[in-house]
Amino acid sequence: MPGTAAGHDATRGATRAGARTALRICPLCEATCGLTLTIEGDRVTGARGDRDDVFSEGFICPKGASFGQLDADPDRLRTPLVRDGRGELREATWDEAFDTIAARIRPLIEEHGPHAVGVVLGNPNVHTMAGGLYPPVLLSALRTRNLFTASTLDQMPKHVSSGLLYGSAGAIPVPDLDRTAHLLLIGANPLDSNGSLCTAPDFPGKLKALRRRGGTLTVVDPRRTRTAELADRHIAIRPGTDALLLAALVQVLFEEGLTDLADPGGLAAHVQGTDEVRAALGDFTPEAVAAVCDLDAGEIRTIARELAAAPAAAVYGRIGSCTVAHGTLASWLVDVLNILTGNLDRPGGALFPLAATDRAPRPAAPGKGFALGRWASRVSGHPEAKGELPIAALAEEIGTPGEGRVRALIAIAANPVLSAPDGDRLDHALSTGLDLMVSVDPYLNETSRHADVVLPPPPPSRSAHFDFAFNAFAVRNQARYTPAAVPLDPGLLDECEIHARLILAVTGMHGAAPSAVDDMVIEQTLAKAVADPHSPVHGEDAKEFAAGLTGDTGPERRLDMMLRLGPYGLTLDDLRAAPHGVDLGPLLPRVPQVLRTRSGRIELLPAPIADDLPRLRRALTERPEGRLVLVGRRHLRSNNSWMHNVPTLVGGSNRCTLQIHPADAARLGLGDGDLARVEAAGGALEVPAEVTDAVRTGVVSLPHGWGHDRPGTRLSVAAARPGVNVNQLLDGSLLDPLSGTAVLNGFPVDVSPATGRTATGRTTTGRTTTG
């Protein structure tokens, strides 16, 4: 039975003459908070937290409060842009835009094959219904192996480790924040990020509640973040050594008999490889890793003992432990700790969410497992992971001549010129190496400015919303749907229709009705479902079932179908009747049903992991070179590069500065506000120094997502405070070998005072770079 729902009307009475309110799930970060929008005419004039939302209960952050400004940003594109014969982007009709795509991409595919088309998917895709529904259809139709996404700049290590452990790259357990007694955070700062791969509105409130009920919060981070300030214990680790610390914690559990090997958390029958892990990590003692991690061996032992002694505990690692040289090993060790302490798949530990659009549970049985390296990139031979190639390889795949070169690029809500390593090289490749580039983007930004066709989606208030991605990582099972709060303006096209028409244009079906894409997906999905003996609609008539689907649009009908095929038997009408959401209850144990390994068990030491451990073992003998090490930084009022054009979200603490410890600043002769020169393998930057003891000695910190100083963009607010692109310090050669994820944290840099420069600052290429 579906859980409880708050059944108030989605549209309430006017707050003042001519105004109304409407509900909208916030699409600006992974917390997915419910908003109550104030609307005057067709303009959102205010946003506050929806107190009746079954998940967020009124919580809101500065990003959500700025929804109206982002929605009405005058720099948002309102009509498509098409590059003319002179090389200039001009406004065009939607028909002209799709005619151009269809006319130019099909000959490329027919002459050079499907791999001549590359696809880049950016972070905002997982924040929209269109981004959840249509890119998989596009990729299936194209059959290209050249897929690049933001995952290899963020979370791919977690997908790979989960795939190897559980047989499914999407089987990612999340900490049970509301019931845990001990939370160990590695490289995570949820007070500023609002959580990542752990969808939890009011993460700050949940951590404070943990402390109030007598629980323990331990934070491992080289910076004293806002999250670290809340912790019982802050471990200021040397960046990039997270996997060594985690391996030592596992070693202590074995050495001191702190794990019940006979029955770890009731999972013994479903776990294999425990003895192999014990042997493989035997030499990663606290004493062996202490010097490299710059931590005390006794403190490492204390952390392991407290973790094992807690009545319920969870270990959670995020981007700081993923975007490092041993990111996949660190992600694997997080789960190994949860398993060996008996905390995987138990209340208060780490559990697997069950979203309303997941497949209905089926009997436990061995599966196909998870494979890495089914193909490799053309130039450098990087192995594929989860069907993707490292986005760090995109520039060389475009710019290197030869058969199989990427000649056409479709970039959907992606800005890799800023987000990927060595943006200068990619910038050049996009401007000189492509026969066609298509961007689906509301802005003319550092990447989309190179496109031949730009397709702008409407403001978020004009789109319906359901979280396909984030419900799969939610700390409580629930389902919420909000229709568009404001009707589409004349001339705008619904984002789902943009995606559908793009699919038709690139697959030779240009001119067909956009609904044909949704009809095709429904037909194919139901054909498989009715033939599947474990499906809730097994044996039914597929056409009759399709005819009974609810929804005014193709996307709504697809959502209704997914809900009906899902584990709770919900329908779109159920969600429409519960505008504040349907509560489906706390997370429940799901092993062994979640396992899809070939053995049907949790494979604790998969071969790719075992093969990579010698590389980690070599790190035991590495010693710092005396150079500073750089880490990233997240701001509460920012989300990568796509929040910097909103006036209320720029400024204050959200600044592009180089944080440096006072002792390091004094040694280098840098004062607060002085211009510092930062050099690494990929180039050099000049940026104002911010002298602070919030970073440990030997570490400097720069936020990502900045560098809005390239010509040809239309981002007036961002251009006024451009900052520097931290990823330009990287040449793209540093990757986690298992996942292909770029090493964006924990790499060495040289820092010195910028000579002969004022506080306005310049890069080595002469572009303004101050924040």
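1. The lining of the second largest pocket holds 14 nonpolar, eight polar and eight charged residues. Here Ala, Val, Leu, Ile, Met, Phe, Trp, Tyr, Cys and Pro count as nonpolar, Asp, Glu, Lys and Arg as charged, and the others, Gly among them, as polar. The model is predicted: local features need pLDDT of at least 70, side-chain atom pairs need 80 or more, and totals for chains, interfaces and linings use all residues. Residues are numbered from 1 along each chain, and side-chain values use heavy atoms, without hydrogens and water.

2. This pocket has a volume of about 730 Å³. Of its 30 lining residues, the closest to the centre are Pro239, Glu622, Val629, Gly746 and Pro748. A pocket is an open set of points on a 1 Å grid where a 1.4 Å probe fits, with protein on both sides within 12 Å along at least five of seven lines; lining residues have an atom within 4 Å of a point. The volume is the space filled by probe spheres set on the points, joined across faces, edges and corners.

3. Helix H24 (607–618) and strand S30 (747–753) each supply at least two lining residues. Helices (H or I, at least four residues) and strands (E, at least two) are DSSP runs, numbered from the N terminus.

4. S30 also pairs with S25, antiparallel, over four bridges. Pairing takes at least two DSSP bridges. Arg677 has Ser752 in S30 as its bridge partner.

5. S25 (residues 675–680) and S26 (residues 683–691) are antiparallel too, joined by six bridges. They form a hairpin with two residues between them. Ala676 stands opposite Val687 in S26.
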